[in-house]
Amino acid sequence: MSVAFHHKLPHSSVIHERAHYVPKGRVCCLAATTTKPRPNPAELAVEPRPLTAPAPPISPTRPILDDPTLKSTWGHRAWLACGCTTVLVALAKSAIASGESHVWAEPILAGAVGYVLADLGSGVYHWGIDNYGDVSTPVFGNQIDAFQGHHKWPWTITRRQPANNLHALARAVAFVVGPIDLICNDPTMLGFAAACSGCIMFSQQFHSWAHSTKSKLPPPVVALQDLGLLVSRSQHAAHHRAPYNNNYCIVSGVWNEFLDDRKVFEVLEMVLFFKFGLRPRSWSEPSSEWMEDVEEGLASS
């Protein structure tokens, strides 16, 4: 004896169940079959969309020729004037003290040492902000961000006005050298301070000249570059090519070969990594932010 039961189910499927009456104590088997509905072709139709998409927006960080951030302000000019004044005062006091004491060799030698050490200092500083920190880093964040942008668009430095380019270093020089001018009368110390601080303050201008064509530079600057007294375009160009981990010095560049051949910065990177866990950018594959974006008609060549 068998009894068939029909249950009301959704319209999407029909299930036939057959129940068998069996004596008590036996197992009852239930057989079920399911029939899935066929998809409706009309429901699968997708309305065609336009093939054209809006052009991607221009990156807000891309510099432009008339970018106001490349212009000098009166505040920039004031700080540059302060920095130059402290350097000139140190130089003048050194010359006067040397004339009174008839001692010239020591101040001149100290000035030469200051010039050489300024190049080394520019390389260490450049290496540090190229490889560590970001825009949120206290004190140095803006400079780190600016140097990162410089790798992307190196041609912008040639369009940055001098006071805009130099005011940050001039401010630091004014705060450091100003007190030395007031309390020091030693010609040797003053000669060192004047040469070293002056070269550091103008290092960004030397850097700018290294990105300019010779036809756009004053003849004395070209002569100093050819003599190796200022960093040249050919030497600094290596810094803007992969792997971006050499030729950091931007005053004369006299230290670059020594530091790179002896892997001084690579050793420092290992020390910082194993001591503090700091990983430099130079260990990573260059990202798009490091790849030079040369815009036709804008890049110096």
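Predicted model: local features only at pLDDT ≥ 70, side-chain atom pairs only at ≥ 80, totals over all residues.
Residues are numbered from 1 along each chain as its sequence is written, and side-chain values use heavy atoms, with hydrogens and water left out.

Let me begin with the overall layout. The secondary structure comes to 11 helices and three strands, taken as DSSP runs numbered from the N terminus, with helices being H or I of at least four residues and strands E of at least two. Along the sequence the pattern reads β-β-β-α-α-α-α-α-α-α-α-α-α-α. Of the 301 residues, 35% are buried, meaning under 20% relative accessible area with a 1.4 Å probe and protein chains only. Among contacts between residues at least 6 apart in sequence, 66% join residues at least 24 apart, a contact being heavy atoms within 4.5 Å.

Now to helix α2, residues 74–101, which packs with helix α5, residues 162–183, at an angle of about 40 degrees, their axes 7 Å apart. That angle makes α2 oblique to α5. For the terms, axes are lines fitted to C-alpha atoms, for helices over the stretch in contact, and angles run from 0 to 180 degrees between N-to-C directions; under 35 degrees counts as roughly parallel, over 145 as roughly antiparallel, 65 to 115 as roughly perpendicular, and the rest as oblique. The crossing of α2 past α5 is left-handed, which is to say that the near helix is turned anticlockwise from the far one by less than a right angle, clockwise being right-handed. Among the residues making this contact are W79, L80 and V87 of α2, and L166, F175 and V177 of α5. By class, the contact of α2 with α5 divides into 13 nonpolar, six polar and four charged residues, with Ala, Val, Leu, Ile, Met, Phe, Trp, Tyr, Cys and Pro counted as nonpolar, Asp, Glu, Lys and Arg as charged, and the others, Gly among them, as polar.

Helix α2 also packs with α6, at an angle of about 150 degrees and with axes 8 Å apart. That makes α2 roughly antiparallel to α6, and the crossing is again left-handed. The residues that meet include G83, V87 and A90 in α2, and L190, G191 and A194 in α6.

Which helix is largely enclosed by the rest of the structure? It is α7, residues 203–210, because seven of its eight residues are buried. The cover over those buried residues includes α4, α5, α6, α8 and α9.

Finally, helix α3, residues 105–131, packs with helix α11, residues 264–276, at about 50 degrees, with axes 12 Å apart, and the two are therefore oblique to each other. Here α3 passes α11 in a right-handed crossing, where G123, V124, W127 and N131 of α3 meet F265, L268, E269 and L272 of α11. R279 lies in the segment after α11, and although R279 and N131 are 148 residues apart in sequence, they are 8.2 Å apart in space, C-alpha to C-alpha. Leaving aside its neighbours within four places in sequence, R279 is in contact with N131, Y132, F273 and S284.

Key
Buried < 20%, exposed > 50% of the residue type's maximum accessible area, 1.4 Å probe, protein only.
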